[in-house]
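Please consider the following protein structure and the arrangement of its aromatic side chains. The discussion below is intended for a reader who meets this structure for the first time.

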Amino acid sequence: MVSSDSLSGSAASPPKKYGVTKPLSLAGPTEADLQRNAALEKFLRESQLYESEEETARREEVLRRLEEIVKQWVKQLTRQRGYTDQMVEDANAIIVTFGSYRLGVHGPGADVDTLCVGPCYVNREEDFFIILHDILAEMEEVSELQPVPDAHVPVMKFKFQGISIDLLYASISLLVVPEDFDISDRSVLYNVDEPTVRSLNGCRVADQILKLVPNAKHFCTTLRCLKFWAKRRGVYSNVTGFLGGVNWALLVARICQLYPNAIPSMLVSRFFRVYTQWRWPNPVMLCPIEEDELGFLVWDPRKNPKDRTHHMPIITPAYPCMNSSYNVSPSTLRVMMDQFQIGNKTCEDVELNKAQWPALFEHYFFFEVYKNYLQVEIVAADNDALLAWKGWVESRLRQLTLKIERDTNGMLQCHPYPNEFVDMSKPCPHCAFFMGLQRQKDVKVQEGQQFDIRGTVDEFKQDVSMYTYWRPGMDIYVSHVRRKEIPAYVFPDGYKRPRPSRNTTQHTADKDVKGCISPEERHSKRKQETEPVDVQSDKLGKRASISPQMIGSVPPASISSLSGGSSQIVIPEESLLEVKAAGVHNRSSDDKSTGNNGEQKP
């Protein structure tokens, strides 16, 4: 809780410059701001965004136990490689945290991002992903162990005593890692490879953020609030092309720099005010981008052509500075700008006492927004296989969005929803993701214009089938469904569909041995549900019997059998008038354009 007395000193002190520009305002809170701030913090606590003392203690115990394990692991490797007894005694590894836990904004059940820093003779490929992996696999406390060595930032994911852990590894150019190792020192980057730099930078960026904001406590409360908002509004996911934890942290930190004396209730309002007017792709930066003799590539669109293609650059403050939001596409940027507009209007209403804070955090009813969707269903032989297969497919969904935008010249826009869904009536391991589809707004199109995305989906499936660890039973089905055909299991308990449809009835007959519907049944069941899809049957011949709604609905091994087919999704003309944001009271602001209003960026 913030009092006016606690801010009077900071407001009177000499102004300090934060960031790359002067502050937009040095104003502190009014009495009304303090009241709104108290109401906001009360709402956050009632929403159970803070973990209990017991869970905090469990996390600390898990981290202590994990550090013991990696220390023993390094000593074991040192002894096996014939080093002296003194070297074995001195051998060391440490665990450092980053992400939401490091920033102090994690909530109940959140995972803990951790980095193991080890000596130069302990490598990632064999020592970390094989030897340490096998050690963890033998432990009763460890479950759901999933190594991802080929990720952009190689990681091992698992649960330790029920606490979700993401563990990275960095081998630094030292024989002995000191207990007081300073990860923010630039010398840690000497003689290390790119994956190690990326692994180290998570911690380095978190530390820099906390150093570059005027008030760390206000920053943390505001970030906790905006992360909650982003999850409620369906725009929290780096992997699907929205923004992840570090991206939201950097955006919030910049607002804190622009309004150094503001309290969280003010900062939330200013966040939406600033970013509805931001002229992307102008970058968000907390400090100047620094070059260094180490020679690592830094974000610079003047020198690097690839950097010019970024749509929403949010630059990390630690060397080497990178764009943390390279996953954002034109479609996902459009969705986020829509949500910023809605958030801005709601905050204006809160400041005018026309609304209360809960209105800002209303759920986004994704399945009421669009008339057409793509359903991506993922199945596997067992739960462990599904965990690995799902992670791979989810990491490629962004590519499907980009390919559809590319192949339709941006005319068909995709909105990938970051949440996964499970049909509890099916006994087989599976999950499903959905994408909303609509024509690009404000562009004239011919009546009845069709979008042929069969080849696009086939290409996506071909890419997915290249999964190194693919095993029999790992399948993916991509289908086009209309809003009235959305399966009932995606809706939360107690939610009443506004227009129930008989098409959402779950199929129960002719299931395969694992309880999943076979591709043949999918085809036959949906043959009569082809109203929104047109198939060029004159070129398909016998393949015309394939249901057009199941676009590419075959296992990866059978993709080639669909070559030559052509399926077209027909978005009806009325889709141009889609509701922009469901789940928000019907206000005229919902129809605002997301185009730039011409104001200069801050």
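The paragraphs that follow concern aromatic pairs, charges over rings and a surface patch.

The model is predicted. A pair of aromatic rings is described by the distance of the centres and the angle of the planes. For Trp 389 and Tyr 467, the ring centres lie 5.8 Å apart and the planes stand at 40 degrees, so this pair is classed as tilted. The two residues are 78 positions apart, and their pair links distant parts of the chain. Trp 389 belongs to helix H12 (residues 383–407), whereas Tyr 467 lies in the loop between helix H13 (454–464) and strand E10 (475–482). Trp 389 is buried, its relative accessible area being 0%; Tyr 467 is likewise buried, with a value of 10%.

Aromatic residues also come together in a cluster. One such cluster is formed by Trp 229, Trp 248, Phe 271, Phe 272, Tyr 275, Trp 278, Trp 280 and Phe 340.

Charged side chains meet aromatic rings as well. Arg 270 places its charged end over the ring of Tyr 259, at 5.9 Å from the centre. Arg 45 lies over the face of Tyr 50, with a distance of 4.3 Å to the ring centre.

The last topic is the surface. Tyr 83 is located in the loop between helix H3 (53–80) and helix H4 (85–90). With a relative accessible area of 31%, Tyr 83 is partly exposed.

How values were computed: Residues numbered from 1 in each chain as written. Predicted model: local features only at pLDDT ≥ 70, side-chain atom pairs only at ≥ 80, totals over all residues. Heavy atoms only, no water. Phe/Tyr/Trp six-rings, centres within 6.5 Å; stacked < 30°, edge-to-face > 60°. Helix = DSSP H or I, 4+ residues; strand = E, 2+ residues; numbered from the N terminus. Buried < 20%, exposed > 50% of the residue type's maximum accessible area, 1.4 Å probe, protein only. Lys NZ or Arg CZ within 6 Å of the ring centre and 35° of its normal.
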